[in-house]
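Here is a walk through one protein chain. Keep the structure open and follow the residues as they come up.

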Amino acid sequence: MKLDVNALGTFYRMAREGAGLAAGRLTHMLGVETQVGVTKLNFMRGQEIRRDFEDSTEKVGVRVKLTGGIEGYSVVVFERENAIRIVETLLAEAGPDADVDTDVGDVDGFDEMTESAATEVGHIMNSGFIDGWADVLETVIDVSTPEFVEGKSSEPFFGDIDEAPADDDLALLFQSQIETVGTEVGFSHYLFPKRESMSKLLERLRTSDGIEYDKLDGFDRMAERGAEEVAKTATTLTGIDTSVEIRRLNFVSLEAIPEQVAEEKLVGVAFEFDGMPSGYLLFLFDEESAHEIVDAMVPMEVDEDGFGEMGTSAIKELGNIMASGFLDGWANVLDTTIDHSTPEFIHDIGAAAVDPVIIQLGENQDFAFVFDTVVMADGREFDCEVYAIPDESDLERALNSLDVDRIEDAKTTAEFQEVDNA
C-alpha cells in the first residue's frame, strides 16, 4: 500500500468537507450555531487510540458500517455529559406537546427515548461526514443502520472492529471535532477503513510513485528514536530525569496550523534544517510549561517573567537538544547528513507564534506533518507541540530509501553544549 501527499491531501479535504456538512446539519437540527474545530489525519498506534478512551470519562457513541466507495466503520464519540446536553436541546426543540421529560441530566443511563435521540444525532453527524467524503471522491458510500454504544473504555466502541489497529500497528485515522458556539458541547469523529479499501483509494489518488506505508511507519519510529535521544541529552543537561513521549503523528493543512494553536502566550524555538530531507522544525510550549522548563534548567533566580537572557538561553538550548535528537536520529537511520540552523526564540500570542514559519513554507507546499509530543521532567508534564515540516519531495525520496531494519540498530548521537548558568 502506497501513499503520497496528494492522496493525503485529498483525505484531508474529505475530512474538512464532511465536518462542514455535519456542522451544518447539527445547526439545523438543534437551532444553535456550530463551528468546525480541529480536523486532522492521525497516524496513531492502537495503544494510543485506546489510551484516549481510558480517562475514566463516560462516553457515548454512534457507529455505522460503510460499504461502497469506502469500506470500514465510522464512529462519532461524545463525552456522556455533552451527549446529554445535545439530547436535552433536541427534546426541548420538540416543544411541550412532545410529552417527554427533557431533564435527563440526573438519569443513570439512557432510556429508550433519550437513546433514540442520541442515536439520531450521531447518525446525522455520521451521514454528514460520509456525504462529504462521497462528494470529494465522486463516489457512492452506503451506510448501515446506526448502533448506539456507551462505556468508559475503547472496548465497546472499537473492540469488535477488525479494522481497529492492534497496539503496535500504525493506523491512518480521520479525527474531527465540531463545537457549538458558546457551549462546551463537542464530539470527536473516527474512521476505521479496511486496509484493502484504503489501498484502492490510495492507488487511485496518488500522483507520484508514492511511499510504501511501512516506510511511514518507519518515519514514526524514527521520531520515537529521536525522542529517546532528546530525553537522554535533556537529562544530562539539566540533571533531572527527563522523558519524551510522541503520542501521534498528524497530517494537517498549513493553513489550519495557526487555527489550531491555542490563543495564549506561547514560547518556542524555530529551526531550519538542510539535507535529505530539508525543512523546518518548530517547538512550541505554553507559557506555564516554559516557566517550568526554565526553573528546572536554571538553578538560580531569573527575571520575573522567566524569559530574560538566562530564560531565553535555557529554552533555546532545550530546543537545540530536541532538534539534534530528532534530526541526528533521522540522519543516522537514513544514512545521510542533516544540519540545522541556530535556534530562533519565539514568545508571542497564538497564531502569531507560528505565522512567520507558515508563510515561508506556504510558498512551496500546502501540508505538514506534526508530532504531538509531551516532555516529562521530574514528574512534571510539559505540553510541547512539535511541528516537523519536511520538504514534500525531499521526504518522499528520503523515505523511499529508508531501510526499516536500520531503525532499531542505528545510533542516535545528538550533540549539544551545556548552557552557561553562571
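Asp-335 is found in the loop between helix 10 (309-334) and strand 13 (338-340). Helices (H or I, at least four residues) and strands (E, at least two) are DSSP runs, numbered from the N terminus. This is a predicted model, in which local features need pLDDT of at least 70 and side-chain atom pairs count only at pLDDT 80 or more, while totals for chains, interfaces and linings use all residues. Residues are numbered from 1 along each chain as its sequence is written, and side-chain values use heavy atoms, with hydrogens and water left out.

Stay with Asp-335 for a moment. Its backbone has a positive phi of about 55°, although Asp-335 is not a glycine. Most residues other than glycine have a negative phi, and most peptide bonds are trans. Asp-335 is exposed because its relative accessible area is 65%. Here buried means under 20% relative accessible area, exposed means over 50%, and partly exposed lies in between (1.4 Å probe, protein chains only).

Now look at Glu-138. It sits in the loop between helix 4 and strand 5 (141-143). Glu-138 also is not a glycine, and its phi is positive at about 50°. With 74% relative accessibility, Glu-138 counts as exposed.

Which peptide bond is cis? The one from Met-276 to Pro-277, with omega near 10°. Pro-277 lies in the loop between strand 11 (265-275) and strand 12 (279-286).

The unreviewed UniProt entry carries the annotation "domain: CheC-like protein" for residues 113-149 and 310-346. UniProt positions are given in the numbering used here, feature names are shortened, and annotations may be inferred rather than shown by experiment. Over residues 113-149, the chain is 68% helix and 16% strand. The end C-alpha atoms of that stretch are 15 Å apart. Over residues 310-346, the chain is 68% helix and 16% strand, with end C-alpha atoms 15 Å apart.

Next, the charges. Side chains of opposite charge can pair when their charged atoms come close. A salt bridge is a side-chain nitrogen of Lys or Arg within 4 Å of a carboxyl oxygen of Asp or Glu. By this rule, the count comes to seven salt bridges. One of them joins Asp-160 and Arg-63, at 2.9 Å from N to O. Asp-160 lies in the loop between helix 5 (155-158) and strand 7 (170-180), and Arg-63 in strand 3 (residues 59-68), so the pair ties together parts that are 97 residues apart in sequence. Are the two partners buried or exposed? Asp-160 is exposed, at 53% relative accessible area. Arg-63 is buried, at 6%.

Glu-203 and Arg-206 form another salt bridge, with their closest N and O atoms 2.7 Å apart. Glu-203 is exposed at 53% relative accessible area, while Arg-206 counts as buried at 17%.

Asp-394 pairs with Arg-397 in a salt bridge, and their closest N and O atoms are 2.6 Å apart. Both residues lie in helix 12 (residues 392-400), three residues apart, about one turn of the helix. Asp-394 is buried, with a relative accessible area of 9%. Arg-397 is partly exposed, at 46%. Elsewhere, salt bridges that share partners join Arg-63, Glu-147 and Asp-160 into one network.

Like charges also gather. Asp-111, Glu-112, Glu-115 and Glu-150 form a negative surface patch. Patches are made of residues with over 30% relative accessible area and no salt bridge, where like charges are joined within 9 Å and nonpolar side chains (Val, Leu, Ile, Met, Phe, Trp, Tyr) within 5 Å. Glu-115 belongs to helix 4 (residues 112-137). Glu-115 counts as partly exposed, at 32% relative accessibility.

Finally, two contacts across the sequence. Arg-50 lies in helix 2 (residues 46-52) and is partly exposed, at 24% relative accessibility. The C-alpha atoms of Arg-50 and Glu-155 are separated by 8.2 Å, though the residues are 105 apart along the chain. Pro-165 is found in the loop between helix 5 and strand 7. Pro-165 is buried, with 8% relative accessible area. From Pro-165 to Gln-47 is 118 residues in sequence and 8.5 Å in space, C-alpha to C-alpha.

Notes. Areas by Shrake-Rupley, 256 points an atom, 1.4 Å probe, with all protein chains shown as cover. Lys, Arg positive; Asp, Glu negative; His and termini not counted. Charge placed at Lys NZ, Arg CZ, Asp CG, Glu CD.
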